[in-house]
Structures are given as C-alpha cells and as structure tokens.
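Reader: I am new to this structure. Please show it to me, and then let me ask about it.

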Amino acid sequence: MPDTANLSVGWLIAIAAIAIAILLFLIIWVRLHAILALIVVSAGTAVATGTSAEDIVDTLTDGLGGTLGTVALLIGFGAMLGRLIEVSGGARVLSDGLIRLFGEKRAPLALSVASLLFGFPIFLDAAFVVMVPIIFSVARRLGGSLLLYALPATGAFVMMHALLPPHPGPVAAADAIGAHMGIVVVVALLVGLPTWWFTGYLLGKWMGQRVDIPVPDILGGGSPQDDEDHLGPPPPLPLLIMLLVLPVALIFMETGLATLSTAGVVDGDATWVHVLQAIGKTPSALLITVLVALWLLGWRRRHDGKVLERVIDRALAPVCSIILLTGAGGMFGAVLQQSGIGDAVADSLDAMGLPLIVAAFLVAASIRVAQGSATVAATTAGGLIAPAIHATGGFSQFELSLLVLAVAAGSIVLSHVNDSGFWLVRGFLGMDTKTTLKTWTLQGTAVGLMTFAIVTVLFLVV
C-alpha cells in the first residue's frame, strides 16, 4: 500500500492528472502500444505516490490479476459463444429476426431495446460481449458505420449497469444510504428510461452516423458459408434465442436467490442455494452456455470435434490482446485507487457543505475519475455520503432513492484510460483511444449528467 500520508490532496490530484496526460500522450501521439503505455505509467504513478521499490511489481501484478480474474473468463467464454453463433450462421438469423420485427430503418433501436433486456440481470461487460456478434452481423448486412448499431446498444448497457439493481453499484449505494431496494428499482426505471432514450439511443445513433468505424474481424467476418469452420445449416431462431437467454436466466437466478435470501424467503445457508448461486455466477453461466452451444450447434449436428476445436482456438486468438489491454487498464485504476487519490478528493468535497444531492453526485464522480471503476465509485460514495444523510434525517424513501441515483449518476461519468471497461469496448469495436474518448466516454457522461439533472429536479420538487 503506498504511503500517501505526507502528500496533500493537491499533490495527489496533480499526480493523477499528470499520469493520465502522459498516458494519453504516449498512446495518441507517440503511438506506443496501449498495453506498454499503461504498464509504464502505472509503475511511474506507483513510485510517485510512495510505493516502495520492493512493492512496485507486486502492486502492478495484483492490480492486473484482480482485473483479469474478473474479465478473462468472461471475455474468453463470450468470444467462444460469439464465434459459435457467427460460424453457424446464427448471428445472421438473429439479425434477420430483429430486422423483420423492427424494420431496417429501426435496426439501431432494435439492438438498443434488446440490450436493455439483456442488461437488466447481466453486468455491462458480459452483456456487451454476448451482444457483439449480433451487432456485427446487423452492421455487415445493413452497412454504414459499426457505431451506428453499437452505440445505441452500449448506451442501454451503461444506463442499466449504472442505475438498476441488481447491479452492484446502486445496490451498495442503496444499502449504505438505507433506501428500499424495490423503490430504488421503480425510481430508477422512471429516471432511466427517458435517459436511455435520449442519451443511449438517440445520442448513440447520432454519433454513430458521424463516426465511421468498419466491422472488425475479431469474431470472423464475411459470410459463414465461405468460412472453413462453417457449422451449417443455420440454426432456427428459437434455438438461438434460447442460447442468448440461458446465461441471462442463470445469472438472474443467482441474483434472485441473493435477494430472496436477504429478505428471509429462502435459507441463504442451505446447500442447494449455494449450488444454484454458484451455477448462476457470470463465469459459470457463460461456461454452461458455451457447452450447450457446442452441443446444439456442433456435436448434435455431427460436426467433427477437430472443427469445433479449431473454432474455439480461432475465437480466443483475436481477443488475447483485448484481455491483456483490459487487465492493464484495471492495473492503472488499481494503482490510482490504492494511492488514495479518490478518497482524498471525496473527503474534500464532503467537507465543503454542498447540498446533499450535489455532494452525492460530485463525490461519486470524483472517485470515478480518479480510479476508474463505476462500482467502486458508487460503493465508496454511498458510504461517504450516508452519514450526512442519516444526520439530516427526515427523507422519504422516494428522496433516498433519488440520492442513490445521484451517486449512481456520478459513478458512470467520464470513463477514460483508468477504466477497464473503456479498453474492453475500445478493443471489441476496433476503435483508437481518441475515438473511444469522443464516443464511449461522451455517451456515458451524457447518461450520468441527464440522470443527475432529472433526479435533482425531482428532489427539489418533492
């Protein structure tokens, strides 16, 4: 742990700002590979914030390992599932089904609505990876920039991840503040749906029409019939929907059991509860789905085991750099988090005597900008702002829910180079860092700002 006791808040903020500026300079202007730039700047930041020489390597590897432990299997299993759906012709079947339902002109809306549904029980990273092959297929069929179809989907994922329980950020903030979870869900939908429409769908579509990004070959490109790994004939639509719903259902089972256990409806210590919750963990749910997909799209249709092995190998090769890049981004965020920069800034804001609704947003936003993780920002900010809320007292459950959403809104703004999600989206969509800042970062910030504006108005009115 770095020794920052002798560093003022001003110095800590300066170190973070300089580190981010150097990182952007190395990536954008020097054109140093982002993985190398992140490692170099992470090491320099650790030294500047007081990490001893013997602890530097452990600090960096712990930050890298902590992130990879979360995302490596998620990205790997997601890439396998996406490749299986792609080479079987399933992505084309799914995209055709969406287009028939909504029409070609409303394809971005179709993807955004589908992402809203997928984003309810699944964390942003997992939901995005599952939707990627469908987004790619629609983009290839209809033409135009990939971002025209991807950004309306990411906007839906961002809103759901930031505002809606059972996602961990709003759950932790609601628990700290003492808001009723059911009321938080209702208020989050009341605030989140118009936010999604304007900043997720409409803004995403507008940016996608102005930034031209081709579809990358991460999951394979072109027609599946021309691919030597083709697993035809194309599977039926109901089977594909089942494969996409299966991880959602398993993950929802895990979160549902956790909620029922907290409410005392089921015995949280029962063995069967633990078994089902283990099955419903995101890596387990995706592994089960990949195995089911291998059976339904491969072995059951008498495709050779060597072909399926080659499909999996070719799914993993292109995403190795994404996994390392995401881990390196998490390393940088972990170094900043351990430095105490976010906590120092949050404590300063907390002592300024701002209105509670404003303080809730700014404290969460400062932690988000300083260390990168939306979940950590919401969790920490909820704990910091809770004593002031409890001391003031007299708030209704509706008002407490608005304060929770103010924290959640701050936690999602200004995603940048210390956020592992930033690198995940950048890698899968084939964007450079500057374009990711102009699109993904702008969209997430717009979601946070509009949410904060709505909850502030409601807080003042009630």
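**Helix packing and core**

Author: Helix 7 crosses helix 18 in a right-handed way (the near helix is turned clockwise from the far one by less than a right angle; helices are DSSP runs of H or I, at least four residues, numbered from the N terminus). This is a predicted model, where local features need pLDDT of at least 70, side-chain atom pairs count only at pLDDT 80 or more, and totals for chains, interfaces and linings use all residues. Residues are numbered from 1 along each chain as its sequence is written, and side-chain values use heavy atoms, leaving out hydrogens and water.

Reader: Which residues of helix 7 and helix 18 make the contact?

Author: Contact means heavy atoms within 4.5 Å. Helix 18 gives Leu405, Ala408, Ala409 and Ile412. Helix 7 gives Val158, Ala162 and Leu163.

Reader: Is Ala374 buried or exposed?

Author: Ala374 lies in helix 17, residues 374–392. Buried means under 20% relative accessible area, exposed over 50%, and partly exposed in between, with a 1.4 Å probe and protein chains only. Ala374 has 12%, so Ala374 is buried.

Reader: What separates the C-alpha atoms of Ala374 and Ile412?

Author: Ala374 touches Ile412, as well as Arg368 and Ser411, not counting residues up to four places away in sequence. Ala374 and Ile412 are 38 residues apart along the chain. Their C-alpha atoms are separated by 5.6 Å.

Reader: Which residues touch the most other members of the largest nonpolar core?

Author: A nonpolar core is a set of buried Ala, Val, Leu, Ile, Met, Phe, Trp, Tyr and Cys residues joined through side-chain atoms within 4.5 Å. The largest has 130 residues. Those touching the most other members are Phe332, Val407 and Leu429.

Note on methods: Helices (H or I, at least four residues) and strands (E, at least two) are DSSP runs, numbered from the N terminus.
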